[in-house]
Amino acid sequence: MATQTLPRPTFMRHVLTANVVFSVTFGVLFTFAAGMIADFAGAAWQPYYQALGIGLFAFAGFVFYTRQTLTPRFIWTVFALDVAWVVGSYVLLAFNLLPITTVYPSMSSTPPSQSR
C-alpha cells in the first residue's frame, strides 16, 4: 500500500482553518467572558480583552477569506500578522506597556523577594 501525501493547497487550507477556529474561539472568550478573564489575570482594565476579542473576529474573517482564495500575498499577510501578534504580545507584557495585568508588573523589574 503506497503512502499518499496531500497536495499543498489542502494542507494550507487545513492550517488556515485551524487559525480561524483558534481566532473565533478566543474571540468569543475575550469578548463575552472579558470580566472573568480580567479577574483571573488580575487585570487592571477589562475593555482591553473585549477589544482583543473583537479584533480576533476581524482577523478570523480575513483568514477565512484567505482560506477560500489561497492567494500567496494573503497567505504571507496572515503569516506576518501572526508573527506580529507573537512579537507584540511579548513586547507588551515584557515592558508593561499596557496595564493588562497586575499579577507581575514587568519582566524587566525585579521579582518580589521571598521571605524566609
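**Close-up views of a predicted helical model**

View 1. S23 touches L56, F59 and A60, when residues up to four places away in sequence are not counted. The residue sits in helix α1, which covers residues 8-32. S23 counts as buried because its relative accessibility is 1%, and buried means under 20%.

**View 2. The largest nonpolar core of the chain.** Eight residues make up this core: M12, L16, V20, F59, V63, L70, I75 and V78. Helices α1, α3 (47-69) and α4 (72-94) each contribute at least two of its residues. The largest share, three residues, is supplied by α1. F59 belongs to this core and is also one of the residues touched by S23.

**View 3. The surroundings of L16.** With neighbours within four places in sequence left aside, L16 contacts V63, T66, R67, L70, I75 and V78. Among these, V63, L70, I75 and V78 are listed with L16 in the largest nonpolar core.

**View 4. Another core, apart from the largest one.** This core has five residues, including F30, A38, Y49 and L56. L56 is also among the contacts of S23.

**View 5. The chain as a whole, for orientation.** The chain has four helices and zero strands, in the pattern α-α-α-α along the sequence. Of its 116 residues, 22% count as buried. Among contacts between residues at least 6 apart in sequence, 53% join residues at least 24 apart. The chain exposes about 8400 Å², and carbon and sulfur atoms supply 70% of that area.

Conventions. Residues are numbered from 1 along each chain as its sequence is written. This is a predicted model: local features need pLDDT of at least 70, side-chain atom pairs count only at pLDDT 80 or more; totals for chains, interfaces and linings use all residues. Side-chain values use heavy atoms; hydrogens and water are left out. Buried means under 20% relative accessible area, exposed over 50%, partly exposed in between (1.4 Å probe, protein chains only). Contact means heavy atoms within 4.5 Å. A nonpolar core is a set of buried Ala, Val, Leu, Ile, Met, Phe, Trp, Tyr and Cys residues joined through side-chain atoms within 4.5 Å. Accessible areas come from the Shrake-Rupley method with a 1.4 Å probe; for residues, only the protein chains shown count as cover.
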